[in-house]
Amino acid sequence: MQSISPTPEGPGAADLARTDSRLPLHARLREVLAERIRSGEWSPDQPLPAESVLVEYYGVSLGTMRRVFRDLVDEGLLERRQGTGTFIRRASLDASLFRFFRFGTAGSGFPQSRILSAARQVSTPAIASALRITAGSEVLHFHRLRLYDEQPVLVEDIWLPLPLFEPLERIGTDDLGDLLYPTYERCCGQIVAAATEELTIETATAADALLLGCGRGEPVAIVERVARSHDAKPLEYRRSRGLARTFRYRIDIR
């Protein structure tokens with residue numbers, strides 16, 4: 001469990017004093033805790049301090065603390081794990097992409113990743129807009145292929161803002177792993193908390209056709225994703241292309 005020094009007259013009370021006193025206490029406490037979550041002060045790998053410890057630290061009632069925890073869980077900033085405590089929530093996004101495609105054995109695990117190139121690139125207006133950076137700023141670009149049983153299923157371009165992701169330049173591409181989000185967290189301290197995805201259909205370019213083993217001009221499904229941190233800062237812009245004939249859409253309407 002993550003540590004916190006219980007000092008009722010200390011920084012906990014001071015943090016609350018800096019919030020808008022016109023708001024109810026639970027709203028002020030929620031603002032303070034949300035700020036600590038977004039700042040990355042607490043690791044997702046360890047439970048937050050116990051409610052009783054935070055109650056003493058901030059000098060509030062247990063009922064107020066539990067209400068704020070419930071609100072933060074509902075907002076997707078925290079998650080409760082039965083028997084282990086309350087944790088900072090990570091997004092589980094790599095699985096979301098693959099609900100759109102059928103790859104035979106998909107569902108039994110994530111596809112392998114093969115980084116084809118990694119280099120700095122000047123951002124285009126589209127990349128800059130997605131990452132909310134100035135057009136022309138340098139970004140880190142990964143071009144990678146994803147495979148099931150050595151069969152290519154997706155071609156991806158991934159852009160990351162610099163200098164935020166500069167530490168990745170010091171890692172060999174073979175060491176980045178099949179899933180990038182744990183690497184972002186481990187090497188750059190950046191936690192992906194949410195994302196927005198859009199899906200469109202285009203035709204395969206010559207380069208994509210070569211990698212996917214299809215004909216140029218064959219329909220491909222494109223999933224564009226902007227992944228964000230807890231404070232809604234864009235961390236990654238990704239374009240994934242897969243053969244449209246492997247694409248499926250399913251939704252349960254209740």
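Predicted model: local features only at pLDDT ≥ 70, side-chain atom pairs only at ≥ 80, totals over all residues.
User: Thanks! How many helices and strands are there?
Analyst: There are eight helices and eight strands.

User: For contacts between residues at least 6 apart in sequence, what percentage join residues at least 24 apart?
Analyst: That comes to 62% of those contacts.

User: Let's zoom in on strand 5. Is it largely enclosed or open?
Analyst: Strand 5 covers residues 151-161, and nine of its 11 residues are buried, so the rest of the structure largely encloses it.

User: Which way do strand 4 and strand 5 run, and how many bridges join them?
Analyst: They run antiparallel, and 10 bridges join them. Strand 4 spans residues 138-148. As one example of a pair, His141 has Trp159 of strand 5 as its bridge partner.

User: What about strand 5 and strand 8, how many bridges there?
Analyst: Five bridges, again in the antiparallel sense. Strand 8 is residues 234-243. Trp159 turns up here too: its bridge partner in strand 8 is Tyr237.

User: Back to strands 4 and 5. How many residues sit between the strands in that hairpin?
Analyst: Two residues lie between them.

User: What is the phi of Asp149, and of Glu150?
Analyst: Asp149 has a positive phi of about 50 degrees, although it is not a glycine. Glu150 is not a glycine either, and its phi is near 70 degrees. For background, most residues other than glycine have a negative phi.

User: Where is the cis peptide bond?
Analyst: It runs from Leu162 to Pro163, with omega near 10 degrees. Pro163 lies in the loop between strand 5 and helix 7, which covers 180-188. Most peptide bonds are trans.

User: New topic: Glu236. Where is it, and is it buried or exposed?
Analyst: Glu236 is in strand 8. Its relative accessible area is 0%, so it is buried.

User: Which residues is Glu236 in contact with, leaving aside neighbours within four places in sequence?
Analyst: Among them are Ile158, Trp159 and Leu160, along with Tyr181, Tyr184 and Arg225. Trp159 is the residue whose bridge partner in strand 8 is Tyr237.

User: Last one! Which residues touch the most other members in the largest nonpolar core?
Analyst: Those are Leu29, Leu33, Ile37, Tyr58, Met65 and Leu72, out of 20 residues in that core. Helix 2 (25-38), helix 3 (51-58) and helix 4 (62-74) are the elements that give two or more residues to this core. Helix 2 gives the most, with five residues.

User: And what does Met65 touch, not counting residues up to four places away in sequence?
Analyst: Met65 touches Leu29, Leu33, Glu51, Leu54, Val55, Tyr58 and Val60. Apart from this core lies another, of 17 residues, including Ala91, Phe142, Leu180 and Val192.

Terms used:
Residues numbered from 1 in each chain as written. Heavy atoms only, no water. Helix = DSSP H or I, 4+ residues; strand = E, 2+ residues; numbered from the N terminus. Contact = heavy atoms within 4.5 Å. Buried < 20%, exposed > 50% of the residue type's maximum accessible area, 1.4 Å probe, protein only. Pairing = 2+ DSSP bridges. Core = buried A, V, L, I, M, F, W, Y, C linked by side-chain atoms within 4.5 Å.
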